[in-house]
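Here are my notes for someone opening this one up for the first time. Keep the viewer open and follow along point by point.

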Amino acid sequence: MWKIGFAKEWDYWYGKLDNSVLEIVGKRLARIEESDREYEHLGKGLPFFKDEFHDQFRICFHEDKKSKMRTLHFVGDHKQYERWLGMRA
């Protein structure tokens with residue numbers, strides 16, 4: 001089991017979600033917290049991992065295996081993801 005933290009930017013992206021997606025995001029977050037699943041690394045020299053769902057939504061987080069902490073940074077659709085990535089470059 002992992003500890004979950006939230007980066008300051010999380011609230012901004014989470015606040016943009018449609019109500020129809022919020023329940024699904026809650027379930028995905030529970031999986032991220034409870035699962036020891038290996039998630040796909042973003043690459044591009046960025047220290048983030050991603051969970052993709054419904055072919056268009058992503059949750060991105062930083063993972064510290066030593067402290068078993070996953071810090072959530074982003075949630076949104078593909079277009080929002082591209083904007084978020086652009087802020088990181």
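**Notes on the core, a helix and some rings**

1. Start at Val 25, which touches Tyr 14, Leu 17, Phe 53, Ile 59 and Val 75, leaving aside residues up to four places away in sequence. Contact here means heavy atoms within 4.5 Å. Before going on, note that this is a predicted model, where local features need pLDDT of at least 70 and side-chain atom pairs count only at pLDDT 80 or more, while totals for chains, interfaces and linings use all residues. Residues are numbered from 1 along each chain as its sequence is written, and side-chain values use heavy atoms, with hydrogens and water left out.

2. Val 25 also belongs to the largest nonpolar core, which has 14 residues; Val 25, Leu 29 and Ile 59 touch the most other members. Such a core is a set of buried Ala, Val, Leu, Ile, Met, Phe, Trp, Tyr and Cys residues joined through side-chain atoms within 4.5 Å. Buried means under 20% relative accessible area, exposed over 50%, and partly exposed in between (1.4 Å probe, protein chains only). The elements giving two or more residues to this core are α2, β3, β4 and β5, and the largest share, four residues, comes from α2. Helices (H or I, at least four residues) and strands (E, at least two) are DSSP runs, numbered from the N terminus. Apart from this core lies another, of nine residues, including Phe 48, Cys 60, Tyr 81 and Trp 84.

3. Now look at α2 itself. Which of its residues are buried? They are Val 21, Val 25, Arg 28, Leu 29 and Ile 32. Seen down the helix axis, the buried residues of α2 fall within an arc of 105°, so they line one face; the arc is that of the directions from the axis to the C-beta atoms. They pack against β1 (3–6), α1 (8–14), β3 (49–53), β4 (57–64) and β5 (69–77). The face turned away from that buried side carries the exposed Glu 23, Lys 27 and Glu 34.

4. Arg 70 is worth a click. This residue sits in strand β5 and counts as buried, at 0% relative accessibility. Its side chain reaches the backbone oxygen of Ser 35 at 3.2 Å. Among the residues that Arg 70 touches, not counting those up to four places away in sequence, are Trp 2, Ile 32, Tyr 39 and Phe 61.

5. How many aromatic pairs does a search of the whole structure find? There are 11. Rings of Phe, Tyr and Trp (its six-membered ring) pair if their centres lie within 6.5 Å; planes under 30 degrees apart count as stacked, over 60 as edge-to-face and the rest as tilted. The rings of Phe 6 and Trp 10 have centres 5.7 Å apart and planes at 55°, so this pair is tilted. Phe 6 is exposed, at 51% relative accessible area, whereas Trp 10 is buried, at 3%.

6. Phe 48 and Trp 84 make an edge-to-face pair, 5.1 Å centre to centre with 70° between the planes. The pair links distant parts of the chain, 36 residues apart: Phe 48 is in the loop between β2 (40–41) and β3, and Trp 84 is in helix α3 (residues 78–88). Phe 48 is buried at 7% relative accessibility, and Trp 84 is buried at 0%. Ring pairs also link these two with Tyr 12, Trp 13, Phe 74 and Tyr 81 into a cluster.

Definitions and conventions:
A polar contact is a pair of N or O atoms within 3.5 Å; within protein, one must be able to donate a hydrogen and the other to accept it, and residues adjacent in sequence count only if both atoms are side-chain atoms.
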